[in-house]
Structures are given as structure tokens and as C-alpha cells.
Amino acid sequence: MTIDRSLLTQKTSMNINKSKELFERAQTSIPGGVNSPVRAFKSVGGTPVFMQKAKGAYLYDVDGNRYIDYINSWGPMILGHAYEPVVKAIQEKVVDSTSFGAPTELEIQMAELIKSIVPNVDLIRMVSSGTEACMSAIRLARGYTGKNKIIKFEGCYHGHADSFLVKAGSGVATFNIQTVPGVTSGVSQDTFTAPYNNLEAVQKIVAENKGTIAAIIIEPVAGNMGCILPQEGFLEGLRQLCTAENMVFILDEVMTGFRLAVGGAQERLKIDADLVTYGKVIGAGMPVGAFGGKLEIMKHISPLGNVYQAGTLSGNPVAMIAGYTLLNELKNNPSIYIELEKKGAYLKDGLEEVLKNTDKPFVINQLGSMISLHFSKQPVVDFETAAAADNLLFNQFFHYMLDNGIYLPPSAFESWFISNALSYQDLDYTVHCAKKFFQ
Ligand code: KE4
């Protein structure tokens, strides 16, 4: 095990004075000092570190501290930060204006590239976030089927559209918000929820609400309650149920898309969605989301059909060239996924080797470059078991790792992400610090 000793020289309680100053100042102008709640460190406590820059596998905060990055901007940075081809493509494109509000050839190229990677996408619409993608997919499913209800899963997060803020994951779970003020009962009554990996619960909901459910939406590998894998037959059962009951099967691949395989979870798990949503990697860190799928359904989207959906910056040229460049890199270098697979397994094995020699019960869920550590006595297979873990211990673990230059997601209800910029030295150092935490 080779350790990058330069990292170990960092003080175990870092100087984050500039971050503290900025956080104070930020809170006078921005709600909670952040533009997205999960960044606020509210569940883990302490001061969120403000970033100055990042390159490859490393983040650099405003106090000059370096961190090994396991957030990857919550997913997009699959090849590391400031990836040269993406930076160069943006620099060249931005001088031609940042937006037209008119169609461009680049949008066609992006759509054709995605279709060449994901065979069951006949048509795809670009939007500016994962929330927009999922929100639009649900509206389309309702418009297409003429039915109102949807089924989502406890602990899954599909963005902050009203319909999804029912027993949602990510920040909603992190802050234990049972019912989100502002989401009306008129909306939430149309959202059924079931435990992840519980096919019987879904079958029961469907049987008791025959002919009223437009869609089932799910994260094929959940990443918003930690990383939780679908159990054998679960996704296949949902697929069959959707086919039998004329419900649209929507895979939310905002997190898994182009990460678990170039074709995402659909390729990796061999599951066929009616609609699929994307975000994160698809924009390479620029604001991009997308939803697409079968022509029979997508032809109802305006202006082809009457399900209205729109966006001033949808298909933005600078965002498109970033995503297009990254997706091409991923498509043309399949070895990337082999390397990500090895690094994910290497980190899991290293952490298991350390933790099995402690008195702490733990579970590590990992698939490819998605991984999470739960201090749990039982398998973590749904939100209930994720919530029952010793998440206070996780919070202590988080801060210890942060103090040692390792930036994990600041919540037990998040997946860690491995970028291909991470070296085995970085992984070894991560395992070494985990070992030190328990000594
Ligand atoms: P955005 O609207 O944040 O781009 O995407 C929403 C979304 C949809 N679907 C899945 C599976 C997602 O994970 C997300 C967003 N993920 C969170 C992190 N778990 C984004 C981080 C944040 O909220 O700041």
C-alpha cells in the first residue's frame, strides 16, 4: 500500500478560516449560504469548505487545502475536473456566443450521439437540469396515458419538482423533511411511494388503484440514500408490471447514466425503459439534463404533440459542446469503464479489509464507480435500512476524512463517486485514513 506522504503532512484540523469568513458572508445574501441545500454541511455539521478550483481528482479550497474528490460535483466529473478536451471545447465554442435561442447543428449531433449509445432512445429532448428532465418525463407519461398517479420509491430523489418531494432522498432525507411545505396535497395525493426493492408493495398499490397510474419512476441503482443496488428480479418485475398495466416505465439515470456503463444502467443491468432521464455526466459539469425514449411516447411532446415543455437555455451551445465532448471520450474509450470498475472494487476491498478488523458493523454497497459506506448491522437495501444505520458515526467519519484531505459527500444519504482521475495512490490513502479513524 503506497501512501502519498505529502497529504499526510496536512494538519489534521485544517485551516479553513477563509471558508468560515465566506460562509458567514454568504448567509447574508443566499438562503443558508448555499445555492443547493446539500452543500451546507447541515447534517454533518461544521463549515462547508468553499472551493477555489479543481483539477483531475483534486479539489482546492479557498484556504489552499487539497482534497481527494469523491463527490465529482455530485456525478458529472467522471473523468476528473478541468478535463482538457472539455475545457478546450468550451473555450473554442464560447467565443461564438453563449446562446442563440435558435436550433443549432450541435444539438442534432448531441442527440444522434446519445441515440448511438442508447438504442431504445428514438427521440431525446435537452433541458437544463435533472429536475427538469424528470419533471418533463412525468408530465409526458401523464399526457400520454391520460392517467394522473405516479409511483416513486422512498429515498429516491428525482429533483425538486413538487411531485417528487414525497419521501424523497438526497437533501430531503438528509434533513428529514417529512412533508415539504409548499407542496400541496393536490399534488402529493397523486404520488404513491413504495420501499425500494419491494416489488410486492408496488403490486399492491397498482392492484388497489387500477387504471389510475401513469408511470413508475425509479433510480435503477439508487444514489440518494447512499448507493443501493436493485435486488434480483426487482427492476424486471417493475418492467413487466408497467407493460401489463399500461404504465410508463421511467428510469431516472441522472446519476447512473453514462457512469455505470457508457449505456448506463440500461446497458449494465439489461433493463429496457420506456423513458429515460439524464443529467450530470451528460453536461460534463455544465447545466444539462435530458429525457428521451420511445417514439410512441416522445411524439406527444410539443411541438410534435400537446404535452408542453420548453426552456430558454435548453440545448445551450456551450453546455452542449461540453457534454458532447465528454460523451465522445466515454464512447470512444471503453477501457475507462474497466478502469472505473477496478477502482471501485479496489476501494471497496480496501475499506472492507480495514473495517472488518474493527468492532463497527458496516455495509459497503458498490457497483462500478458508485459506492457508499453504511455503519449498519444489516444489509442496506432501502431507505429504512439506510436510515437505521449509525449515521452519527458517519458524520464523525466524514469530518475525520475531510480533515485529512478527503472530501466525501456530506451526508450518509448520498453515493460517493469515483472519477477515473483517481490514482491507486489516492485510493490507498483513502483506505489508510479510514484505518486511522478507527485506531
Ligand atoms: P438536478 O436538478 O439537481 O440537476 O438533478 C436532480 C436529480 C435527479 N435524479 C437523480 C437520480 C439525482 O441524483 C438528482 C440530483 N442529485 C443530487 C445529489 N444526490 C444533486 C445535488 C444537489 O441537490 O445539490
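Colleague: Leaving aside its neighbours within four places in sequence, which residues is Glu154 in contact with?

Modeller: In this predicted model, Glu154 touches Lys167, Thr193, Ala194, Pro195, Met225 and Phe383, once its neighbours within four places in sequence are set aside. Glu154 itself sits in the loop that runs between β5 and α6.

Colleague: Why is Glu154 called buried?

Modeller: Its relative accessible area is 19%, and the word buried is kept for values under 20%, so Glu154 counts as buried.

Colleague: Why is α8 said to be roughly parallel to α9?

Modeller: Helix α8 (residues 199-208) and helix α9 (residues 234-244) pack with an angle of about 15° between them, and their axes are 10 Å apart. Angles under 35 degrees count as roughly parallel, so α8 is described as roughly parallel to α9. The crossing of α8 past α9 is right-handed. On the α8 side the contact is formed by Leu199, Val202, Gln203 and Val206, and on the α9 side by Phe234, Gly237, Leu238 and Leu241. Sorted by class, these are 6 nonpolar and 2 polar residues, with no charged ones.

Colleague: Which residues of α9 are buried, and what covers them?

Modeller: The buried residues in α9 are Phe234, Leu235, Gly237, Leu238, Arg239, Leu241 and Cys242. Their cover includes β5 (149-153), α8, β7 (213-218), β8 (248-252) and α10 (264-269). After α9 comes Asn246, which has a positive phi near 50°.

Colleague: How do you know that α4 is roughly parallel to α12?

Modeller: The axes of helix α4 (residues 105-117) and helix α12 (residues 317-332) come within 10 Å of each other and cross at roughly 30°. With the limit for roughly parallel set at under 35 degrees, the conclusion is that α4 runs roughly parallel to α12. This crossing is left-handed. The residues of α4 that make the contact include Leu106, Met110, Leu113 and Ile117, while those of α12 include Met320, Ile321, Tyr324 and Leu327. Taken by class, the contact of α4 with α12 has 10 nonpolar, 4 polar and 2 charged residues.

Colleague: How many helices and strands does the protein have, and what share of its contacts joins residues at least 24 apart?

Modeller: The protein has 16 helices and 14 strands. Among the contacts between residues at least 6 apart in sequence, 73% join residues that are at least 24 apart.

Notes
Residues are numbered from 1 along each chain as its sequence is written. This is a predicted model: local features need pLDDT of at least 70, side-chain atom pairs count only at pLDDT 80 or more; totals for chains, interfaces and linings use all residues. Side-chain values use heavy atoms; hydrogens and water are left out. Axes are lines fitted to C-alpha atoms, for helices over the stretch in contact, and angles run from 0 to 180 degrees between N-to-C directions. Helices (H or I, at least four residues) and strands (E, at least two) are DSSP runs, numbered from the N terminus. Angles under 35 degrees count as roughly parallel, over 145 as roughly antiparallel, 65 to 115 as roughly perpendicular and the rest as oblique. A crossing is left-handed if the near helix is turned anticlockwise from the far one by less than a right angle, and right-handed if clockwise. Contact means heavy atoms within 4.5 Å. Ala, Val, Leu, Ile, Met, Phe, Trp, Tyr, Cys and Pro count as nonpolar, Asp, Glu, Lys and Arg as charged, and the others, Gly among them, as polar. Buried means under 20% relative accessible area, exposed over 50%, partly exposed in between (1.4 Å probe, protein chains only).
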